[in-house]
Structures are given as C-alpha cells and as structure tokens.
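Hi everyone, thanks for coming.

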Amino acid sequence: MATSDNLEPDIYQFLETIALHGGTAPDPTTGAMLTPIYQTTTYRQPAVGEHKGYTYSRSGNPTVTALEGRLAAIEGAEFATAYVTGLAATTVLCLALLKAGDRVVLSQAVYGGTVRLLKQVLAQFGVESDFIDTSDSEALIRALREPAKFLFIETPANPTLKLTDIELAARLSKDAGALLVVDNTLLTPALQRPLDLGADIVLHSTTKFIEGHNATVGGSLITRSAELHEKLAFVRNAVGAIQAAFPAWLTLQGVKTLPLRMAQHSANALRVARFLESRKEVEWIAYPGLESFPQYELAKRQQQAGGALIAFEVKGGVEAGVRLMNSVKLCSLAENLGSAETLITHPVSMTHGDVPPEQRASAGITDGLVRLSVGLENPDDLIADIDQALK
Amino acid sequence: MKTATQCVHIESNDDPHCSISPPIYQTATFRQPSADEFGEYDYTRSGNPTRSLVERQIARLEGAEFACAFASGMAAISALTRLLGAGEEVIAGDDLYGGTVRLLDQVLPRQGIGVRYVDVTDVEAVREALNPRVRLILIETPSNPTMRIADIRALAGVAREAGALLAVDNSMLSPCNQKPLGLGADVVIHSATKFLCGHSDVTAGALVTDDYDLHRRLAFDQNAEGAGLSPFDSWLLLRGMKTLSLRVERQNESARKIAEFLSSRPEIVRVYYPGLADHPGRSIHCGQSTGDGAVISFTTGDVALSRQVVEATQLFDIAVSFGSIGSTISLPCRMSHASIPQSLRDRLAPPPDLVRLSVGIEDVDDLIEDLSQAFKIAEVPENAQSAVCVA
C-alpha cells in the first residue's frame, strides 16, 4: 500500500489505478485518505527565511499540489500546473513562451476562447498567430516554414471533430524548432496520450471531462520538461491566475472516475451517433468512432475510443437546428461539454461567437452545426429524447 | 448608507428562497432558455451569480458602480495592465509590493510594455516622467512597507491632463479608511486576500471603477483570460466582508497604540505609521483618508536584532500577507519583497532591517506584551550572535 514514505506514482501501470492513487499521498499528518482542503492564504513560518514548502497560496497550496500531482500522473508526466480556468492556462502558456514579435501556429478549429485570446488580447502585444488546417499535412509543412515558437493543436477539433495526426505534428514541429502543445480537453488521457506521441505540453480545460461534474472551472498545463514547467510556474505566480483550493479538491475527486466516465461517454456517444446516422432528417454527422468518419483509421491509431462529442447538422439548416435544440427535454442547452449530463450547443451563437465568420467557414463550422456532448444517462433515454425532438 | 451598514447588508440577488446568506453557485455552466435566447449567465468563467454579488458588494463599499473579482490580487493587476499595448508605458511608484514589481519588470517587458519607477510622493517628478506613451499611473498609498504617502487628488489631476489612468492599490487601507475613486482615481485595485477577506482563507483580487467603458474592457479581459474568482471563494469573501468595518476599526485603534509603544522604545530607529504626528506626508494622508490602517513598519539599525525580534514573538505569526484578524510579523526584504529583481534591489527594496507588523484583532495589551518580551530576548547578546550564525 502506498504511504507518504514509499509513494512512487510510476509503480502503477493502469489508468484506473493512477486516477485513484497516482501522484499524491494520503495526508501525512492524519493519514486521511482524501487530501484536506487547505482553504488558507498564508502559512506560519518557523523562522525568517525558513518554511515547510508553502508560504503563500498564490505561489503554492497543498491541495492544489495534490491535484497537480494527480494530473501529471494521469498524463504520464512529471509536472503539472493548475489554473483558475482553461483560458487562464492558455494565457500563462502564451505569456511564458512568447514575447512581442513571436509567431505561433494553431489549429483553425480551436475553441473560440483560444481564438479570442490570441486575436483580441495577445495581438496588441505584437504576438502573431496563424490559424491553419492542422489536419492537412501540406498546410502544416507550409505554416512551419516560417519560424514559430509553438504549434498548438486541438484534436479532435472542437466542434468539427476533425483530427490532427499528433505524431506527424510532433515530428514536423520538432524539425521546425517549435514546441508542440496539444489541447487534450476533449479526449483526456483516458482516450489519448499526446505526450507519448511526441507533444511537449498538454493543456486541459479541467472544467470538462477531467472534473466531469459541471461543478468547477479550471485548467492545467502538463509537461515532462522541468525547464518548461519552471517557466510556466514562474508566470503563473507572477500573474496570479491560480486554481483555488476548493475547486482543486473537487477536481481531484472528479478525476477518480475519469477512466470509467470516458469509457461510458464513448459507448453512449457511439450508440447515439449510430442512431443519428440512421435518420433521414440528419444532413451529415461526424463522430470519430463511426466507420463512416473520414479519418476513422487515424482515430483508431491515436485514440482509445471516439469520445463524447458528436457534431451534426439536421436538414433545414440553422432554423431546423434551433428547432431541434429547443425541442429536446433531457439534453440541456448549455455552453460547456464534458459533464455527466448531456449538453447540446449551437456553436455559432454560443461557444464560437468570437471566431470571425470567415475563419468559421474555412474551419467547417457551419451555421447549422449542432454539438452534442453525450453524458452518462442511459443511451436509450437520450435516443428517445432526440427522436421526439427530430419529429 | 454608512460603510458599516453596507458591510452587513449584501444586496440580494434573486434567490427564490430569500436566504440571508446567498447560495454558492458551484456550477460551471447554466442551462439556457432556448437556442436563440440566453439568460444572464451562461458559463462561470464569463459570470457567476455568487461572483456577481461579491463584485457588487466590493463596488458598493468603494462607493463605485462596477467591480471585477479575480483569482488573486496579482491576477487583478495583471488584467489592469492589459489596457496597455506594445510600445506603451506604466509609471509605477518606486516602493510597490514585490509581486507587482515582478509583474512589471519580468512579464510586461516581454510584451513590449515599458515601466518607469518614480517617487510618486513627488507630484512634480511624476509630471516630468510623463510622455504620450504613458497610459497608466500605478500607486499604493500608504506604500507597503515604508508607508510613503502619495497625494491621490494631485496625481489624479496630473493623470487626467496626460490622458493616462490613475490606479490606486487600496489593499493597505480598505474602503473603510480610504475611497480613492472619490478623490479622482480611475481604478481601485484590491488584493482582497488582505483586509477585505480578513480571515486568511481566501486569495482574491478586485478592480473597481465608476467608468462603464473601462469596466467593460476589464470584464472583457476577465472573461478572455479567465482569471475570475471562483464561486466558493467569492462566497467566503462576501462572508468575510460583513465584519470589515468592525475589524478595521479595532485594527486601526490597536495599531495606533502599538505604533506609540514602538516609538517609545530605545531599540527602534524609526517607526513608519501614517497615524504618527511626525509621519512624512501626514497632512496629505489626513486629507484623503479617515483612518491609518493596521500595518506598521519599524527599523532597528541592526538586521540581526530585527530578525531576533521577528523570531522571538509568540502571538505574531511569521507569515507573508497582511490585513488578517491574526497579527503577523515579517522581514519584507526576505519575504514579501524578495521577488524584487537583484538589479532593482538598491532602489526598490525595503531596508534589510525593516520589520513589518500587521496588527490583528487580539487584545492590544497582549500584543504589546508580546513585543516587549521579544525585544528583551533579542537584546541578549548571545541571541543576536546565534541569529547571525543562522543567517
């Protein structure tokens, strides 16, 4: 049994076990199995210049450290930093790695908030960002001919679910002297292991599947490089966009069921996707677990399963899509994805409203696209709900 | 309404159960009425009802219209600096908090933003340092830890003429002692971790303003970078602020007695406290503040002696931060201001023998007794000797 003395996260082989035990030890004072919530800002010091590892919760907090240990362990890494939101993580990533005049290359279909951050906040500091179709290897090669600090990909892309080949992206960015950052929010390490495929940094909006209960907002940056981790930790402390102790504790609890949840999300999503595919009202559907998915072979190679997200469009475009979303009863209409409850979203008016229309069009985010984040309800109930809404 | 009344009466949100203590909306997302009409809240990074309450309450206490709450004081200051673009400049007081200096000096230059440290107690020096690139004047008054007094009204005039914004970090006094917006400041900054929270259990920050457009820009950034305060921490902060007026009244009173006690001690070279009659800038301070705060600094002329005093106190905890109900003692040069880069140490760091006290709400006679016994221990030559060895 692991104790604080002999805890070695590496001894666990399987994710189900790591999600419960990896990277953190029981409380050293009381042996409590769950890490206490250290809802404190500051720490008493035995003498000037001496402390027990913590001085001020912006710089470090034991509950947040426990979460970071666990997040690093599930991604198969040594280091993680946790943030107050996913976008706070993206902000710190950019502030740590970029300076005025630097350039970055990103997937065209990244999350709308990432686009807004690059185009409306960081652009004023002279950071250049090129959004390209990273699923197209020719486009990747072209984009990396010009110097870039890092390549930022999201695979599957949100909300089009287009895949980017992580191994190829890692090889090309390495040749170009750029780091590879993978936003692994949609699949989590339960379904995709970007660091094993050559990525340098993994980003998470822990708000989604990692915490999984729609109870917190949070983010994380995970890496195997001590040098990169130090840069990130420095900027996080300097700008103070920290995760707080209570949401860190809730997230740590959420992680424990991550492998179980991801397996069920994927199984349910496949059922719902097959149902949608069979319906004449559906114009098109994209789900990486369907044989009809254009990049099905790549999905089988780099993902353990299809994940929870489905993108589709009903015949009749925007109007029919809005009608469908207003007719579902069990699926909640909400921004967000990855919670236990099934959520249905209209990206163009909700999550991706800040992405310029031209960029949306070229990324394949059509006005009628409906995104479904399939939850943990019984899939038959979900199918019945969508069925009555389609009618 | 007087501040003490405002502290206790939180403006209600529309909680259907009329709970006196508002609910904690520990949720990431909000169900929307339909696909084309949205409620006030959609996603907690963008806005959360519990956070809205704490923002309204902080704004009210500062006599202002608007506030944004952040994950830390540094996250608030970081968001404020996003008002600047590459090629623009900040004029900063030359004795700001070490974390603020780290941000200005090690993070902002990478984005092409310049900073100039000016003695802001000298209005003419600020006027001379102005140029068309200066967009922001950032001050603390009293400054931390040397309690220098800047003239808020005069600096507001200078900023207005130059088309720059004046931001006042009001963490040291809290709105119970000083309301900078009424004196002409454009933005008030809080490390809400300090007096506002007052219980050492929340790390938080705030930006307060009366200017709607400015508020919109700050709120845009709060959402875009995602450094907003979490619901649970917002709730704890709301709870803490109910006793703000009571705490500050007691802390002001106890601090005045301790400052007088320190002034009478032969070991002490100088006491820094704006409530003392001979404190430099005292008349300006009295013209803009209604109380003197609970932070006191003093020097002994002997680093080893100062360190011994810090370590010999029993009631005063050695800890960074200030403004809490529990008294703390620190050597800023080694602790809260240790992050000031070596190159700026000579100019910006507090003297190495300076001791900072934050006076809590314990009985003041106990606190004076504790300091008396600490001086007695520190003055025994062997003790001073051992301190040198430890150093």
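Let's start with helix H4 of chain B: 8 of its 10 residues are buried, so this helix is largely enclosed by the rest of the structure. Before I go on, please keep in mind that what you see is a predicted model.

Which residues of H4(B) are the buried ones? They are Gly98(B), Gly99(B), Thr100(B), Val101(B), Arg102(B), Leu103(B), Leu104(B) and Val107(B). And what do they pack against? Within chain B, the partners are H3, strand S2 (89–93), strand S3 (114–118), S4 and helix H12 (342–348). Chain A takes part too, through its helix H8 (226–239).

That brings us to the interface. Chain B puts 63 residues into the contact and chain A puts in 61. About 5100 Å² is buried between the two chains, and carbon and sulfur atoms give 58% of that area.

Which elements of chain B give two or more residues to the side that touches chain A? Here we meet H4 (98–107) again, along with helix H3 (73–81), helix H7 (212–226), helix H8 (231–241), helix H11 (303–312) and strand S10 (317–318). H7(B) gives the most to that side, with 6 residues. Sorted by class, the side of chain B that touches chain A has 26 nonpolar, 21 polar and 16 charged residues.

Let me turn to charge pairs in general. Side chains of opposite charge can pair when their charged atoms come close. Over all chains, a search of the whole structure finds 29 salt bridges. I'll show you three of them, starting with chain A.

First up are Asp165(A) and Arg301(A), whose side chains form a salt bridge with an N to O distance of 2.7 Å. Asp165(A) sits in the loop between strand S4 (150–154) and helix H6 (166–175), while Arg301(A) belongs to helix H11 (residues 296–302), so the bridge ties together parts of chain A that are 136 residues apart in sequence. Are these two buried or exposed? Asp165(A) has 19% relative accessibility, so it counts as buried. Arg301(A), at 54%, counts as exposed.

Next come Asp387(A) and Arg279(A), with a salt bridge at 2.3 Å, N to O. This pair also links distant parts of the chain, 108 residues apart: Asp387(A) is in helix H14 (residues 379–390), and Arg279(A) is in the loop between helix H10 (258–277) and strand S8 (282–286). Both partners count as buried, Asp387(A) at 18% relative accessibility and Arg279(A) at 17%.

Over in chain B, the side chains of Arg127(B) and Glu161(B) meet in a salt bridge of 3.0 Å, N to O. Here the link runs from helix H5 (residues 123–129) to helix H6 (residues 152–162), with the two residues 34 apart. Arg127(B) is partly exposed at 35% relative accessibility, whereas Glu161(B) is exposed, with 62%. Back in chain A, there is also a network: salt bridges with shared partners join Arg279(A), Lys280(A), Glu281(A), Asp387(A) and Lys391(A).

Where does it lie? It is in the loop between strand S4 (134–140) and H6 of chain B. With 12% relative accessibility, Thr146(B) counts as buried. Its side chain makes a polar contact of 3.1 Å with the side chain of Asp95(B), and another of 3.5 Å with the side chain of Ser143(B). Leaving out residues up to four places away in sequence, Thr146(B) touches Asp95(B), Tyr272(B), His279(B), Pro351(B) and Leu354(B).

Finally, a word on confidence. Chain A has an average pLDDT of 91, and 97% of its residues score at least 70. In residues 1–9 of chain A the pLDDT is below 50, and this stretch has 11 contacts in the model beyond near neighbours in sequence. Where pLDDT is low, the predicted coordinates should not be read in detail.

Notes: Residues are numbered from 1 along each chain as its sequence is written. Chains are lettered from A and ligands numbered from 1 in the order in which they are written. This is a predicted model: local features need pLDDT of at least 70, side-chain atom pairs count only at pLDDT 80 or more; totals for chains, interfaces and linings use all residues. Side-chain values use heavy atoms; hydrogens and water are left out. A salt bridge is a side-chain nitrogen of Lys or Arg within 4 Å of a carboxyl oxygen of Asp or Glu. Helices (H or I, at least four residues) and strands (E, at least two) are DSSP runs, numbered from the N terminus. Buried means under 20% relative accessible area, exposed over 50%, partly exposed in between (1.4 Å probe, protein chains only). A polar contact is a pair of N or O atoms within 3.5 Å; within protein, one must be able to donate a hydrogen and the other to accept it, and residues adjacent in sequence count only if both atoms are side-chain atoms. Contact means heavy atoms within 4.5 Å. Buried area is the accessible area (1.4 Å probe) that two parts lose on being put together, summed over both. Ala, Val, Leu, Ile, Met, Phe, Trp, Tyr, Cys and Pro count as nonpolar, Asp, Glu, Lys and Arg as charged, and the others, Gly among them, as polar. pLDDT is the predictor's confidence in each residue, from 0 to 100.
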